[in-house]
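Dear colleague,

Please find below the structure that I am handing over to you. My notes on what was found in it follow directly after.

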Amino acid sequence: VEILHPGAEDPLDDLNDASIAMRLTYGSFRLVTTGDAERVSEARMVGRFPDRLGADVLRLGHHGSSTSTTPEFLAAVDPAVAIYSAGVDNRYGHPHDEVLARLAARDVPVYGTPTHGTVTIVTDGTTFTVTTER
């Protein structure tokens, strides 16, 4: 587990941007998860770790909100698969269409709890599979 954010010098006054972001590695498999970190935090991560954000799976920031998963961050992570957690017909409209469009433009399959239910990723450290409840 590698903590990507926040850094010791980062302000913690905004709860979303104070979210812990990390990259989990098992063998050659990598997953990046950023909690509710928004574009400011993503920019910090891209600036600090331009060559260490790459991952097979990206858990979309802030439930797929347009405040996260910026084009620059998405390019740095370059995931094969994206996942998100959100309530069905949630009042925030998560995930936002512009985030889904960015992923579609990169041909990244997206799995989310409102559509797929529980999303499970299993890896042997080399390959991985995604299974869904529905």
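Pro-95 is found in the loop between strand E5 (81–84) and helix H3 (97–105); here helices (H or I, at least four residues) and strands (E, at least two) are DSSP runs, numbered from the N terminus. The peptide bond from His-94 to Pro-95 is cis, with omega near -5 degrees. A cis peptide bond also leads from His-5 to Pro-6, where omega is near 0 degrees, and Pro-6 belongs to the loop between E1 and E2.

Please note that this is a predicted model, in which local features need pLDDT of at least 70 and side-chain atom pairs count only at pLDDT 80 or more, while totals for chains, interfaces and linings use all residues. Residues are numbered from 1 along each chain as its sequence is written, and side-chain values use heavy atoms, with hydrogens and water left out.

Backbone geometry deserves a further remark. Most residues other than glycine have a negative phi, and most peptide bonds are trans. His-62, although not a glycine, has a positive phi of about 50 degrees; His-62 lies in the loop between E4 and helix H2 (71–77). With a relative accessible area of 13%, His-62 is buried (buried means under 20% relative accessible area, exposed over 50%, partly exposed in between, with a 1.4 Å probe and protein chains only). Asp-78 is not a glycine either and has a positive phi of about 50 degrees; Asp-78 sits in the loop between H2 and E5.

Turning to the sheet, 6 strands form an open sheet of mixed pairing in the order E1-E2-E3-E4-E5-E6. Two strands count as paired if DSSP finds at least two bridges between them. E1 and strand E6 (110–112) each have a single partner strand and stand at the edges, so one side of each is left without a neighbour in the sheet. From one strand to the next, the twist averages 20 degrees; axes are lines fitted to C-alpha atoms, for helices over the stretch in contact, and angles run from 0 to 180 degrees between N-to-C directions. E2 and strand E3 (residues 29–33) run antiparallel and are joined by 5 bridges, with Tyr-26 opposite Phe-29 in E3. H1 lies across E1 and E2 and runs at about 125 degrees to E1.

A hairpin is formed by E7 and E8, with 4 residues between the strands. Strand E7 (residues 119–123) pairs with strand E8 (residues 128–132) in the antiparallel sense over 5 bridges. Val-119 has Thr-132 as its bridge partner in E8, and Gly-125 in this hairpin takes a positive phi near 95 degrees.

Ala-21 counts as buried, at 0% relative accessibility. Ser-19, in the loop between strand E1 (2–5) and strand E2 (21–26), is buried at 14% relative accessibility. With the neighbours within four places in sequence again left aside, the contacts of Ser-19 are His-5, Pro-6, Thr-34, Gly-35, Asp-36 and Ala-37.

A search of the whole structure finds 7 salt bridges, each being a side-chain nitrogen of Lys or Arg within 4 Å of a carboxyl oxygen of Asp or Glu. One of them joins Glu-2 and Arg-52, whose closest N and O atoms are 2.4 Å apart. This pair links distant parts of the chain, 50 residues apart: Glu-2 is in strand E1, and Arg-52 is in the loop between helix H1 (39–48) and strand E4 (57–59). Arg-52 counts as partly exposed, at 39% relative accessibility.

Glu-9 forms a salt bridge with Arg-48, the closest N and O atoms being 2.7 Å apart. Glu-9 lies in the loop between E1 and E2 and Arg-48 in helix H1, so this pair ties together parts 39 residues apart in sequence. Arg-44 and Asp-10 meet in a salt bridge of 3.5 Å, N to O. As Arg-44 is in helix H1 and Asp-10 in the loop between E1 and E2, the parts tied together are 34 residues apart in sequence. Asp-10 is buried at 7% relative accessibility, whereas Glu-9 is exposed at 57%. Salt bridges that share partners join Glu-9, Asp-10, Arg-44 and Arg-48 into one network.

With kind regards

Notes. Contact = heavy atoms within 4.5 Å.
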